[in-house]
Amino acid sequence: MRYIPDKINEITGNQTYEKNNVGMSSSEVLIYPKYVLKIQKQTLETENESEMVTWLKNRIPVPEILLYYVENGTAYTLMTKIIGKMLCDEEYLNQPEKLIHLVADGLKMLWNVKIDDCPCNVSRLTERLKSARWNVENKMVDMDNTEPETFGENGFSDAMELLIWLEHNQPEEDLVLTHGDLCLPNLFVNQNRISGFIDLGKMGPADRWQDIAIALRSLEHNFAGNYNGGKRYFKFEPQMLLNELDMKINETKRRYYLLLDELF
């Protein structure tokens with residue numbers, strides 16, 4: 001049986017849980033009838049998530065953290081459960097126009113939050129590159145979980161070469177509030193409205209293309225059936241989302257932030 005600290009059990013009581021297997025987070029997620037418990041190694045991201053959720057109260061819909069507890073280097077984050085379905089649900093994949101519109105709504109919701117007094121900065125490019133360097137130097141980059149074109153004959157030779165390229169080609173930042181990992185499983189929808197953002201460890205001020213790039217990749221992969229046994233739903237084109245945002249593609253920034261994400 002999974003060890004759960006008494007401090008958590010005092011809140012959840014005798015409720016049973018199920019393990020969540022959706023998404024690509026390295027954390028273990030237990031789903032209770034009313035709560036969600038995220039279990040992971042204590043890092044800057046776990047601390048950042050706790051601070052950001054507190055700051056975001058009444059700004060955008062995020063879970064309420066009932067208890068953030070660290071024991072033996074493991075962080076236990078007990079949160080309220082978001083009402084709704086993940087945007088990667090079949091209901092939305094079968095309605096591509098609605099799904100794309102909802103992703104745009106989520107981005108706009110984030111960008112409308114004023115960041116003047118945001119307490120966290122782990123999302124700024126200089127800080128992200130420091131974290132990326134730590135990952136590379138400590139061999140924490142999952143080389144089996146990267147895009148096919150990133151490394152190899154026509155790509156970078158290894159993670160260190162990519163890191164050095166990122167450090168020497170930093171784009172100017174257009175700062176907004178970003179999620180940091182805006183893929184479909186991290187957006188919840190209820191009654192055709194965004195009902196919550198989850199997995200907020202990378203959240204904070206950053207360039208808006210940090211989120212756009214990840215969202216575009218997530219839309220492409222989900223519609224292509226890469227996470228659902230190969231079932232193809234829709235031929236997605238990036239400009240479909242950008243039209244909803246009244247923007248044009250910035251291929252330089254898009255590529256940069258996708259490459260940066262390869263090191264996390």
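1. Ring pairs link F156, W165, Y256 and Y257 into a cluster. Rings of Phe, Tyr and Trp (its six-membered ring) are taken to pair if their centres lie within 6.5 Å; planes under 30 degrees apart are stacked, those over 60 edge-to-face, and the rest tilted. By this rule the count comes to seven aromatic pairs.

2. The model is predicted: local features need pLDDT of at least 70, side-chain atom pairs count only at pLDDT 80 or more, and totals for chains, interfaces and linings use all residues. Residues are numbered from 1 along each chain as its sequence is written, and side-chain values use heavy atoms, with hydrogens and water left out.

3. How are the rings of W165 and Y256 arranged? Their centres are 6.0 Å apart and their planes stand at 35°, so the pair is tilted. Because W165 lies in helix α6 and Y256 in helix α9, the pair ties together parts that are 91 residues apart in sequence. Helices (H or I, at least four residues) and strands (E, at least two) are DSSP runs, numbered from the N terminus.

4. Accessibility is classed as buried (under 20% relative accessible area), exposed (over 50%) or partly exposed (in between), with a 1.4 Å probe and protein chains only. W165 is partly exposed at 26%, whereas Y256 is buried at 1%. Y256 also forms an edge-to-face pair with Y257, at 5.4 Å centre to centre and 75° between the planes. Y257 is itself buried, with a relative accessible area of 2%.

5. Helix α9 (residues 251–261) has eight of its 11 residues buried, so it is largely enclosed by the rest of the structure. The buried residues are K253, R254, Y256, Y257, L258, L259, L260 and D261. What covers them includes α5 (125–137), α6 (159–168), β10 (204–207), α7 (208–223) and α8 (238–244).

6. A nonpolar core is a set of buried Ala, Val, Leu, Ile, Met, Phe, Trp, Tyr and Cys residues joined through side-chain atoms within 4.5 Å. The largest has 70 residues, and V103 and L241 have the most contacts inside it. V103 touches (heavy atoms within 4.5 Å) L87, L184, L187, A215, L219 and L241, not counting residues up to four places away in sequence. A second, separate core of 10 residues includes I4, L30, Y35 and Y69.
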